[in-house]
Amino acid sequence: MERIPILKMGDFLLVTIQVDMHDRLAMTLQDDLTTRINQSGARGVLIDISSLDVVDSFIGRMLANIASMARVLDAEAVVVGMQPAVAITLVELGLSLPGVRTALNVEKGMVLLRAATDTAPTASFGDRAASAGEAPSPLGGGDGGRQG
Amino acid sequence: MAVVKAERLEIRTEGDVVQVRHAVRAWAADLRFGLVDQTKLVTAASELARNALIYGGGGAARLESIEDDGRRGLRVTFEDQGPGIADVEAALRDGFTTGGGLGLGLGGAKRLVNEFDIWTAIGQGTRVAITRWK
């Protein structure tokens, strides 16, 4: 069966969509990504759509779903490389992708992902450690179960 | 108004929806539409082709390169013999859907083109024509 490949690099999953996806292929990617985030404990997902010259409401919905599912699974998703003509069309279509992080290119997307995944766990871990002396958090070590 | 060139494409599978996108892109590029206009046409066509497949149970798209009073345009007409649309006005509103989608297809497609015409009859089917002028 046709599939979009998902690459793992450290804590991140990388996807480059290079074909014009039919709807089922888009759904398969959504399912595959969700499964891979869960299996690998990835902290971030980067989706490069710079080769896509059309994003209609179906693909737009897929991108929004992936971002939501990633968040629920304690990961961050960022969509990079949207072509200007695609961005103009999406907004006019009525889809502004609220809740989807975007970056201009892969490089900026990686910086965004690193910042989002570096600060979030460290800050909460730090807070927890700081308060551990007074009241041990019942959630302490919750992040420990997550392995890359 | 004169039709310069026409082609009919069947819409029976999800792959056919992709074919419609590619054909509309090629025709729009041939007519020397700018990149944004091409993208708008292809996106609108994608929404309507999917509608014909999902709600109409399949159908066809007719691409026409047209000329009127010296200006050129691309018209794409989508036809299906599905159940038809009971309330067209509601169907054109954003967020209205009977198929679990986002409900942006019809209204969104309308915003992306210059002309949008819809004919529908319960039990007989739906025909939507979109035109973008250069």
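Modeller: Start at A:Ile17. Leaving out residues up to four places away in sequence, A:Ile17 touches A:Ile4, A:Leu29, A:Ile47, A:Asp48, A:Ile49, A:Ser51, A:Leu52 and A:Met62. Bear in mind that this is a predicted model. A:Ile17 belongs to the largest nonpolar core, which has 66 residues. Together with B:Phe78, A:Ile17 has the most contacts inside that core. Helix H2 of chain B, residues 35-54, supplies the largest share of this core, with 8 residues.

Chain A has 4 helices and 5 strands. From the N terminus, the order is β-β-α-β-α-β-α-β-α. Of its 148 residues, 43% are buried. Among contacts in chain A with a separation of 6 or more, 71% join residues 24 or more positions apart.

A:Asp32 and A:Arg3 form a salt bridge, with their closest N and O atoms 2.7 Å apart. A:Asp32 sits in helix H1 of chain A and A:Arg3 in the segment before strand E1 (6-9), so the bridge ties together parts 29 residues apart in sequence. Is A:Asp32 buried or exposed? A:Asp32 is buried, because its relative accessible area of 17% falls under the 20% limit. A:Arg3 is partly exposed at 47%.

Next, the side facing chain B. There, 20 residues of chain A are in contact with 23 residues of chain B. The two chains bury about 1,900 Å² between them, and carbon and sulfur atoms give 55% of that area. The count of salt bridges between the chains is 7. Over all chains, the whole structure has 19. Polar contacts between chain A and chain B involve 13 residue pairs. Three helices of chain A each supply at least two residues to the side that touches chain B: H1 (23-40), H2 (57-72) and H3 (84-93). H3 of chain A gives the most, with 6 residues. By type, this side of chain A divides into 9 nonpolar, 4 polar and 7 charged residues.

Look at the charges there. Side chains of opposite charge can pair when their charged atoms come close. B:Arg21 forms a salt bridge with A:Asp20, the closest N and O atoms being 2.5 Å apart. B:Arg21 lies in helix H1 (residues 14-30) of chain B and A:Asp20 in the loop between strand E2 (12-16) and H1 of chain A, so this pair joins two chains. B:Arg21 counts as buried because 3% relative accessibility is under 20%. A:Asp20 is partly exposed, at 25%.

Beside it stands B:Glu47 in the list of partners: B:Glu47 touches A:Asp56, A:Ser57, A:Leu93, B:Gly105 and B:Ala109, not counting residues up to four places away in sequence. B:Glu47 lies in helix H2 of chain B. Its relative accessible area is 2%, so B:Glu47 is buried. A polar atom of the B:Glu47 side chain lies 2.5 Å from the backbone nitrogen of A:Ser57.

Compare a pair inside chain B. B:Arg72 and B:Glu67 form a salt bridge with closest N and O atoms 3.8 Å apart. Both ends are partly exposed: B:Arg72 at 32% and B:Glu67 at 35%. Back between the chains, which residues are joined into one network by salt bridges that share partners? They are A:Asp20, A:Asp23, A:Asp56, B:Arg21, B:Glu47 and B:Arg50.

Last, two backbone details. A:Asp74 is not a glycine, yet has a positive phi of about 65°. A:Asp74 lies in the loop between H2 and strand E4 (76-80) of chain A, and is partly exposed at 34%. B:Asp69 likewise is not a glycine and has a positive phi, about 55°. Its place is the loop between strand E2 (59-68) and E3 of chain B. B:Asp69 counts as exposed, at 80% relative accessibility.

Technical notes. Residues are numbered from 1 along each chain as its sequence is written. Chains are lettered from A and ligands numbered from 1 in the order in which they are written. This is a predicted model: local features need pLDDT of at least 70, side-chain atom pairs count only at pLDDT 80 or more; totals for chains, interfaces and linings use all residues. Side-chain values use heavy atoms; hydrogens and water are left out. Contact means heavy atoms within 4.5 Å. Buried area is the accessible area (1.4 Å probe) that two parts lose on being put together, summed over both. A salt bridge is a side-chain nitrogen of Lys or Arg within 4 Å of a carboxyl oxygen of Asp or Glu. A polar contact is a pair of N or O atoms within 3.5 Å; within protein, one must be able to donate a hydrogen and the other to accept it, and residues adjacent in sequence count only if both atoms are side-chain atoms. Ala, Val, Leu, Ile, Met, Phe, Trp, Tyr, Cys and Pro count as nonpolar, Asp, Glu, Lys and Arg as charged, and the others, Gly among them, as polar. A nonpolar core is a set of buried Ala, Val, Leu, Ile, Met, Phe, Trp, Tyr and Cys residues joined through side-chain atoms within 4.5 Å. Buried means under 20% relative accessible area, exposed over 50%, partly exposed in between (1.4 Å probe, protein chains only).
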